[in-house]
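Please look at the sequence and the model shown here with the charged side chains and the strands in mind. The report that follows takes up salt bridges and then strand pairing.

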Amino acid sequence: MNNRKKLITVLFSVLFILCLIFPVNSLDRFSVQRIKYVFKHTKSIDEIKSGKSVYYRISDKSSNLLGYAYFGSEKGYAGPVKCLICLDNEKKINKVIAYEAKKETPEIAGKCLKESWLDQFIGLDCSNVPYNKYEFDGCGIDDVSGATITSAAVLECIIQAVETDYEGE
């Protein structure tokens, strides 16, 4: 009985130390890969809660801030549209990846899930992101004809990302 108690104590101690060395967050390995695709020198990904939002602070091996990652999900025409929005350390968009929209019509809505359409948001911040589909023209953003709901879902993910209170700023 005494040996069993010692074994359990040792196992919990090892588990505790591993949690300190390798912090646990809610990201799956595919999400981590997406972040590392954008932020090439990623060493740490720290989960931060800000009100109702959750975002990730991305740092390099010297603990320098590389930027932020925000995962958004909004209802598209036929189901959820999920996006990763990455912001640089000045909180400007440096990449948008729409990584899931399984139920959207590929021939129509698929256009607003492609990198060529998503890249038009690069460089925008909260001061110049259109806040609804009617503002696309006024800020030089092309909407996708026939895919209004899907493009609005992507835009809503982007709006949530740029409106998040990153590190209290």
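## Salt bridges and how they are counted

Taking a salt bridge as a side-chain nitrogen of Lys or Arg within 4 Å of a carboxyl oxygen of Asp or Glu, the count comes to four salt bridges. The model is a predicted one, in which local features need pLDDT of at least 70 and side-chain atom pairs count only at pLDDT 80 or more, while totals for chains, interfaces and linings use all residues. Residues are numbered from 1 along each chain as its sequence is written, and side-chain values use heavy atoms, with hydrogens and water left out.

## Glu-47 with Lys-49

Glu-47 and Lys-49 meet through their side chains in a salt bridge, with 3.3 Å from N to O. For accessibility, buried means under 20% relative accessible area, exposed means over 50%, and partly exposed lies in between, with a 1.4 Å probe and protein chains only. Glu-47 is partly exposed at 29%, whereas Lys-49, at 62%, counts as exposed.

## Bridges that reach across the sequence

A salt bridge with an N to O distance of 3.8 Å joins the side chains of Lys-82 and Glu-100. Because Lys-82 lies in strand β4 (residues 80–88) and Glu-100 in strand β5 (residues 93–100), this pair ties together parts that are 18 residues apart in sequence; helices (H or I, at least four residues) and strands (E, at least two) are DSSP runs, numbered from the N terminus. Both partners are partly exposed, Lys-82 with a relative accessible area of 25% and Glu-100 with 23%.

The side chains of Lys-95 and Asp-119 also form a salt bridge, at 3.4 Å from N to O. This pair links distant parts of the chain, 24 residues apart, with Lys-95 in strand β5 and Asp-119 in the loop between α3 (115–118) and α4 (148–163). Lys-95 counts as buried at 10% relative accessibility, while Asp-119 is partly exposed at 29%. Lys-95, Glu-115 and Asp-119 are linked in a network of salt bridges.

## Strand β2 and its neighbours

Strand β2 (residues 53–59) is mostly covered, with five of its seven residues buried. Two strands pair if DSSP finds at least two bridges between them, and strand β1 (residues 44–50) is joined to β2 by seven bridges in an antiparallel arrangement. Glu-47 stands opposite Tyr-56 in β2, and the hairpin of β1 and β2 has two residues between the strands, with Gly-51 in the turn at a positive phi of about 65°.

On pairing with strand β3 (residues 65–75), β2 runs antiparallel over four bridges, and Ile-58 stands opposite Gly-67 in β3. The hairpin of β2 and β3 has five residues between the strands, and Ser-63 there takes a positive phi near 65°.
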